[in-house]
Structure formats: structure tokens, C-alpha cells
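Please look through the model below before reading the points.

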Amino acid sequence: MSDFYQRIEGQVGSESLPPLDRWSPDLSGDIDIRIDSQGRWFHDGRPIERASLVALFARILRREADGHYYLLTPYEKWRIQVEEHPLRIIAVEQVADRGSECIVVVANNSVRYAISSKHPMCLCPNDEGAFVQLDHGITAKLDRPAWYQLCEWVQSDEQGLYLASAGETFRLS
């Protein structure tokens, strides 16, 4: 990985997230928190209106091998329901330095991620946009404005459409 990409990775990503991979509390139970297919968070059937609270919960969210999502602290583990992708990509930007380019996305947990082999972009089934693989088994779907912005940087070759970021190629067709 070039110095440029290492600098970008050092400026974005999971450094600001809690060490969820080191926490392994016993299951505390189920909590009535649900994330719908549009990325909206609900508690007891009512929307969670405070963006700062959603961002806090999103920072302690982990998907485990059993396919379930959990909110974690060092001492508690609460299972929640997720309909599709728990986070949303709300902004994208292209960062360039001496011919090297990287696309950085911002999730609704206020964390920035470089689209790279560590955080790859994948197409959603049924041509319904794209998502990015984040840390701890979490995915984030691109909101429509972010998807349209990203499409401005799509390139084509004999194999079809692709997006280039962090020295990697992400196929879109």
C-alpha cells in the first residue's frame, strides 16, 4: 500500500470506534430497537429522533457470526433487529494526491471510511445501489445523494463499469 493510502487510512476509519472486538460480555437479552430498511432507528416502535443518539448506538454495533446485530458495552450485550443495512453512507468525497485517488465515505455514525480492500464497496442485489463493508461485520448502504455523487467518478473499460479507489478496482457491472 502506498504512503498516500496509508495516510488516508490513518485519517479515517475505525480508530475512533470503541474496541468491540475485545469485548465479549454475555447476552443481556433483546432490546426493542429496530433499524428499518431505510436506515431509520426505532425504539419501542417510535423513531429515535436525536442524530447524536443514533451515532452513539451505531458506534457500539456489531454483527456476529450468528447473523444477529448487538449493541455492546464491556459489560452488556443487547440484541437488536436490523432489516437490511444498519448504517447509511451520507456523503462521499474524492481525495487525490500526485495521481493517486481514494474515495472516502461518511457513515451516519460520523465515521469516515476509505473505499479500499479493507472497506470494499459492493453492489446491492436487484440493482438497488451499493453498500460498503465496514468494521465489525457492519454494512452501510449509500443514500441516494451519495450514490449519485459516487456515480460521477465511475469509469469504464472493456469489462464494463468500475470505480477506482485506494489502488483497487470495484466492478459495477
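Over the ring of which tyrosine does the charged end of lysine 77 sit?

1. The charged end of lysine 77 is placed over the ring of tyrosine 70, 4.6 Å from its centre. Arginine 34 lies over the face of phenylalanine 42, with 4.5 Å to the ring centre. A charge sits over a ring if NZ of Lys or CZ of Arg is within 6 Å of the ring centre and within 35 degrees of the ring normal.

2. On the basis of these values: this is a predicted model, in which local features need pLDDT of at least 70 and side-chain atom pairs count only at pLDDT 80 or more, while totals for chains, interfaces and linings use all residues. Residues are numbered from 1 along each chain as its sequence is written, and side-chain values use heavy atoms, with hydrogens and water left out.

3. The protein has 3 helices and 15 strands, taken as DSSP runs numbered from the N terminus (helices H or I, at least four residues; strands E, at least two). Of its 173 residues, 46% are buried, meaning under 20% relative accessible area with a 1.4 Å probe, protein chains only.

4. The largest nonpolar core has 40 residues, and those with the most contacts inside it include Trp41, Ile80 and Met121. Strand 5 (residues 69–72) gives the largest share of this core, 4 residues. Such a core is a set of buried Ala, Val, Leu, Ile, Met, Phe, Trp, Tyr and Cys residues joined through side-chain atoms within 4.5 Å. Leaving aside residues up to four places away in sequence, isoleucine 80 touches Ile31, Ile33, Ile35, Trp41, Leu61, Tyr69 and Leu71; contact means heavy atoms within 4.5 Å.

5. A search of the whole structure finds 1 aromatic pair. Tryptophan 41 and phenylalanine 57 are stacked, 6.2 Å centre to centre with 20° between the planes. Rings of Phe, Tyr and Trp (its six-membered ring) pair if their centres lie within 6.5 Å, and planes under 30 degrees apart count as stacked. Tryptophan 41 lies in strand 2 (residues 41–43) and phenylalanine 57 in helix 2 (residues 51–59), so the pair ties together parts 16 residues apart in sequence. Both tryptophan 41 and phenylalanine 57 are buried.

6. The largest pocket has a volume of about 210 Å³. Helix 3 supplies the largest share of its lining, 3 residues. A pocket is an open set of points on a 1 Å grid over the protein atoms alone, with protein on both sides within 12 Å along at least five of seven lines; lining residues have an atom within 4 Å of a point. A volume is the space filled by probe spheres set on the points, which are joined across faces, edges and corners.

Technical notes. Buried < 20%, exposed > 50% of the residue type's maximum accessible area, 1.4 Å probe, protein only. Phe/Tyr/Trp six-rings, centres within 6.5 Å; stacked < 30°, edge-to-face > 60°. 1 Å grid on protein atoms, 1.4 Å probe; cavity = no way out; pocket = protein on both sides within 12 Å on 5 of 7 lines; lining within 4 Å.
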